[in-house]
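Please look through the sequence and the model before reading the briefing below. The points are grouped by topic.

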Amino acid sequence: MTAGFTTDWVIAPAILPAMTAALLIVAWRRDIQMQRIVSVISAVALLGIALFLFDLASDGTVRAYRVGAWPAPFGIVLVLDRLSALMLLLAAGLALTVLVYALAGWDKRGRHFHALFHFQLLGLNGAFLTGDIFNLFVFFEVMLIASYGLMLHGAGARRLRAGFQYVAINLVASTLFLIAVGLIYGITGTLNMADLAQKVPQVTAGNEALLKTGAILLFLVFAIKAAFVPLHWWLPATYAAASAPVAALFAIMTKVGAYAIIRIFGTIFGDGAGALANMVIPWILPAALLTLAVGTIGLLASRRLLDLAAFSIVASMGTLLIAISLFDVDGLTTALYYLVHSTLTGAALFLIVDLISERRGETLDWLVPANPISQAPILGTLFFLIALGVVGLPPLSGFIGKLMVLDATYETRHVWLIWALVLVSSLMMTISFARAGSVVFWKIDGRTTGATWATAAIAPMAAVAVLVTASAALSVFAGPAVEVFHATAVQALDPAGYIDAVLTSQPAAQPTGQ
Amino acid sequence: MELLVASAIGLITAVGVYLILQQWTFPIVVGLTLLSYAVNIFLFAAGRLAVNQPPILTGADAYADPLPQALVLTAIVISFGMTALIVVLALRGFLETETDSADIPPDDLKADKR
């Protein structure tokens with residue numbers, strides 16, 4: 001009884017935001033104060049649930065929740081293992097921080113910010129939990145639909161155009177996803193990830209090519225989400241056009257692509273997949289190196305702080321993918337560390353850029369000399385710290401992350417290429433951030449007076465500070481953190497426990513309710 | 001029948017891809033719609049092409065595969081909603097910028113260049 005009860009909590013991270021969002025629309029669609037209260041309470045509760053589930057998953061067992069008590073592989077399963085629990089915790093923590101930031105005024109610039117925000121969380125959490133490929137598609141769509149709304153939050157011609165491109169590119173990605181789902185279902189007759197992991201090795205030689213096509217299409221979809229070069233074009237325009245809290249929340253959306261690659265290609269097409277084992281892995285490293293190079297070039301060419309932030313996301317995805325491309329325990333441990341680090345610092349960067357640009361009047365975030373900004377010492381310190389984290393200098397978590405990447409790739413064949421690119425790109429990133437920081441904080445002309453000088457809200461800056469502190473904590477407690485990530489990587493690369501939890505150790509199929 | 005369905009899917013996809021490569025929002029929207037049609041037929045075909053099969057309820061040996069139908073239904077709902085959204089986006093964009101181009105207006109990018 002108690003075991004069943006704890007397993008039921010697995011679905012809570014999907015239900016809570018769904019109910020909250022629906023409630024916000026139905027009950028308080030015009031009352032922004034109530035929306036804020038309910039929204040924050042729900043986000044705090046979600047963080048609590050995520051912590052509880054994280055603790056639950058840390059014993060190493062995989063828990064499967066069967067929706068409607070239908071036996072797998074016929075019904076939908078939600079699966080909680082270390083990896084999904086880690087992603088849930090990251091999403092919930094980021095969401096709460098970003099929400100606090102948005103309370104300072106961003107949420108009033110358009111309608112239904114809070115409802116869309118929670119729908120987005122529903123999509124994210126669902127994508128992290130689901131154990132079924134089609135269900136993954138549905139949660140991707142939920143996440144995307146909410147993100148379309150959030151992206152357009154506040155409107156404006158430029159945002160509409162960028163939004164159109166964003167929606168169009170994601171519709172194409174969804175189309176590819178469906179084709180991949182069709183191919184995989186047509187060959188194997190199942191879409192349950194655990195079931196697929198068992199059926200893929202048994203595919204006959206004649207069907208291998210079709211299944212391979214399906215898997216590569218799936219990889220392509222995740223690559224679009226994760227902004228692999230050359231599929232990254234949507235990202236800088238979208239992130240730079242979105243409002244700051246939304247862009248900060250989107251920092252985890254690229255990571256969903258990375259998560260899906262680890263999940264699908266670790267569980268289904270991993271070592272045990274027979275003829276199709278690890279077939280996309282060789283594609284990841286070249287794409288990763290290109291992504292890092294393009295991201296760095298973009299950083300150097302940025303004329304706005306927002307472009308700087310957007311391209312630093314691209315560059316961080318490149319570094320993250322280098323670690324993923326190893327696809328062994330060390331590589332994934334590094335990848336997870338870097339994933340958490342880059343989500344936190346990426347989000348913090350978008351928020352600090354917003355804080356800076358709203359103090360600069362008409363100059364906004366353009367890297368041109370302008371009036372001095374208010375609270376420059378605090379903002380400057382935060383910007384400096386975040387830049388250190390993004391670039392990968394000590395003492396924040398970026399340094400350890402990059403060190404782990406270098407260490408994990410030390411024995412690979414392309415070590416010189418990887419090391420050269422990672423180190424040179426770090427230097428280039430340092431230069432771009434140093435240039436941006438000195439223009440914004442030191443190259444000042446004139447005096448600022450009036451309203452822009454007076455703005456001094458504590459909450460937004462506290463939100464940024466929390467993200468920086470989290471990054472610092474990841475650095476200080478790197479030892480225990482790496483142990484957790486190591487255990488997560490071991491579990492993610494060994495699908496046996498996953499398959500067992502979903503398929504084998506289920507209660508005997510009983511007719512329900514009749 | 002296989003040839004007919006396969007060539008229809010191929011043709012619709014080709015037209016859809018051609019249209020989404022255009023510069024204006026209207027052909028892109030039509031292209032995306034065509035792509036979603038092609039995908040819907042494709043998903044049906046994933047359950048094998050079979051005519052006059054009973055539903056799974058009857059306990060017959062051969063039955064129509066219900067799962068692709070469920071997938072198609074979901075896909076239709078989602079693509080329908082998405083098409084509606086992107087039409088509104090294209091329309092709002094057209095009304096605000098007075099052009100149907102899908103490009104991000106360059107004026108905005110350079111507005112503050114000094």
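Phe134(A) is buried, because 22 other C-beta atoms lie within 10 Å. A residue counts as buried if 20 or more other C-beta atoms lie within 10 Å of its own, as exposed if 12 or fewer do, and as partly exposed in between, with C-beta atoms placed from the backbone. This is a predicted model, in which local features need pLDDT of at least 70, side-chain atom pairs count only at pLDDT 80 or more, and totals for chains, interfaces and linings use all residues. Residues are numbered from 1 along each chain as its sequence is written, while chains are lettered from A and ligands numbered from 1 in the order in which they are written.

**Around Phe134(A)**

- Phe134(A) is part of helix 6 of chain A, residues 133-151. Helices (H or I, at least four residues) and strands (E, at least two) are DSSP runs, numbered from the N terminus.
- Leaving aside residues up to four places away in sequence, Phe134(A) touches Val181(A), Leu191(A) and Leu71(B). Two residues are in contact if their C-beta atoms, placed from the backbone, lie within 7 Å.
- Gly270(A) is 136 residues from Phe134(A) along the chain, and their C-alpha atoms are separated by 19 Å.

**Chain B as a whole**

- Chain B has four helices and zero strands, and its elements run α-α-α-α from the N terminus on.
- The radius of gyration of chain B is 20 Å, well over the 13 Å that the globule rule gives for 114 residues, so chain B is more spread out than a compact globule. The radius is taken over C-alpha atoms, and the globule rule is 2.2 Å times the number of residues to the power 0.38.
- The C-alpha trace of chain B spans about 75 × 25 × 20 Å along its principal axes.
- Of the 114 residues in chain B, 26% count as buried.
- Among contacts in chain B with a separation of 6 or more, 56% come from residues 24 or more positions apart.

**Helix 2 and helix 3 of chain B**

- The axes of helix 2 (residues 25-46) and helix 3 (residues 66-97) of chain B come within 10 Å and cross at roughly 180°. Axes are lines fitted to C-alpha atoms, for helices over the stretch in contact, and angles run from 0 to 180 degrees between N-to-C directions.
- Helix 2 of chain B and helix 3 of chain B are therefore roughly antiparallel to each other. Angles under 35 degrees count as roughly parallel, over 145 as roughly antiparallel, 65 to 115 as roughly perpendicular and the rest as oblique.
- The residues of helix 2 of chain B that meet helix 3 of chain B include Phe26(B), Leu32(B) and Phe44(B), and those on the helix 3 side include Leu71(B), Ile76(B) and Ile86(B).
- The residues of this contact divide into 15 nonpolar, seven polar and no charged. Ala, Val, Leu, Ile, Met, Phe, Trp, Tyr, Cys and Pro count as nonpolar, Asp, Glu, Lys and Arg as charged, and the others, Gly among them, as polar.

**Where the chains meet**

- The contact takes 31 residues from chain B and 28 residues from chain A.
- On the side of chain B that touches chain A, the elements giving two or more residues are helix 2 and helix 3 of chain B.
- Helix 3 of chain B provides the largest share of that side, 15 residues.
- By class, the side of chain B that touches chain A has 21 nonpolar, five polar and five charged residues.

**Backbone details in chain A**

- Most residues other than glycine have a negative phi, and most peptide bonds are trans.
- The peptide bond from Val229(A) to Pro230(A) is cis, with omega near 5°. Pro230(A) is in the loop between helix 9 (205-225) and helix 10 (234-241) of chain A.
- Ala227(A) is in the loop between helix 9 and helix 10 of chain A, and its phi is positive, near 60°. Ala227(A) counts as buried, because it has 27 C-beta neighbours inside 10 Å.
- The peptide bond from Pro394(A) to Pro395(A) is cis, with omega near 10°. Pro395(A) lies in the loop between helix 16 (376-391) and helix 17 (397-408) of chain A.
- Ala69(A) has a positive phi of about 55°, and lies in the loop between strand 1 (63-66) and strand 2 (77-80) of chain A. Ala69(A) counts as partly exposed, with 13 C-beta neighbours inside 10 Å.
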